[in-house]
Amino acid sequence: MQTEYPHRCTPFLIMRILRTYARAYVDDLDAALASFTAVTGEPPDTRFTMPNGLELATVGRVLLVAGDQRALEPYRATVTTLIVDDLDECQELLDRAGAQIVRGPQTVPTGRNLTAELPGGVRAEYVEWNKAQWERVGGRPA
């Protein structure tokens with residue numbers, strides 16, 4: 001049986017996902033970084049503090065988000081972070097798919113982002129990295 005999808009996107013506009021990060025919410029970023037570095041054998045790629053006080057770092061393909069329970073609460077429903085090549089096109093595709101924009105678009109330390117909830121309930125963050133962030137992680141893919 002074939003399923004019809006009412007929000008099909010045109011073949012002319014697709015979202016190019018350059019990286020995907022699983023999210024882990026933690027109370028203590030230093031302790032979490034030590035653990036993740038030990039088990040993965042990889043050093044952190046990125047570490048920064050958001051204006052709202054949350055601390056973020058990446059190890060491998062995991063984004064660690066640290067803060068107290070109250071600060072983390074608005075973000076816990078977001079299950080993944082997707083690095084996209086063009087946030088404006090991404091938002092257009094999300095709108096076509098019937099997604100609800102939860103936050104953004106906005107400027108963040110690594111570029112620009114937005115958070116959207118797709119029909120069905122999956123909430124994801126979409127980020128277009130700036131040049132400086134791509135340099136920190138070894139360069140943008142071709």
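I take buried as under 20% relative accessible area, exposed as over 50%, and partly exposed as in between, with a 1.4 Å probe and protein chains only. The model is predicted: local features need pLDDT of at least 70, side-chain atom pairs count only at pLDDT 80 or more, and totals for chains, interfaces and linings use all residues. Residues are numbered from 1 along each chain as its sequence is written, and side-chain values use heavy atoms, with hydrogens and water left out.

**Entry 1: Thr37**

I looked up Thr37 and found its place in helix H1. Helices (H or I, at least four residues) and strands (E, at least two) are DSSP runs, numbered from the N terminus. Thr37 has 27% relative accessibility, so I note this residue as partly exposed. I then listed its contacts (heavy atoms within 4.5 Å). Leaving out residues up to four places away in sequence, Thr37 touches Glu42, Pro43, Pro44 and Val59. I also checked polar contacts: pairs of N or O atoms within 3.5 Å, where within protein one must be able to donate a hydrogen and the other to accept it, and residues adjacent in sequence count only if both atoms are side-chain atoms. The Thr37 side chain reaches the backbone oxygen of Glu42 at 3.5 Å.

**Entry 2: the sheet**

I traced an open sheet of 8 strands, in the order S2-S3-S4-S1-S5-S8-S7-S6, with mixed pairing. Its edge strands are S2 (44-49) and S6 (100-108), each pairing on one side only. I count two strands as paired if DSSP finds at least two bridges between them. S2 and S3 (residues 55-59) run antiparallel, joined by 5 bridges. Thr46 has Thr58 in S3 as its bridge partner.

Next I followed S1. This strand pairs with S5 in the antiparallel sense over 5 bridges, and Ile17 has Val84 in S5 as its partner. With S4, S1 pairs in the parallel sense, again over 5 bridges. There, Ala24 is partnered by Leu64. In S1, 7 of the 10 residues are buried, so the strand is largely enclosed by the rest of the structure.

For angles I use axes fitted as lines to C-alpha atoms, for helices over the stretch in contact; angles run from 0 to 180 degrees between N-to-C directions. H1 (residues 29-40) lies across S1 (17-26), S2, S3 and S4 (62-66), at about 5° to S3. H3 (residues 87-96) packs on the sheet too, touching S5 (78-84), S6, S7 (111-117) and S8 (123-129), with its direction at about 10° to that of S7.

Which residues of H3 are buried? I found Leu87, Cys90, Leu93 and Leu94. Seen down the axis of H3, they fall within an arc of 120° (taken from the directions from the helix axis to the C-beta atoms), so they line one face of the helix. At the start of H3, a side-chain oxygen of Asp86 comes within 2.9 Å of the backbone nitrogen of Asp88. Just after H3, Gly98 has a positive phi of about 85°.

**Entry 3: aromatic rings**

I paired rings of Phe, Tyr and Trp (its six-membered ring) with centres within 6.5 Å; planes under 30 degrees apart count as stacked, over 60 as edge-to-face, the rest as tilted. The whole structure gave 2 pairs. Tyr21 and Trp129 have ring centres 6.2 Å apart and planes at 50°, so this pair is tilted. Trp129 and Trp134 are edge-to-face, at 4.6 Å centre to centre and 70° between the planes. Trp129 is buried at 8% relative accessibility, and Trp134 at 5%. I noted Tyr21, Trp129 and Trp134 as a cluster linked by ring pairs.
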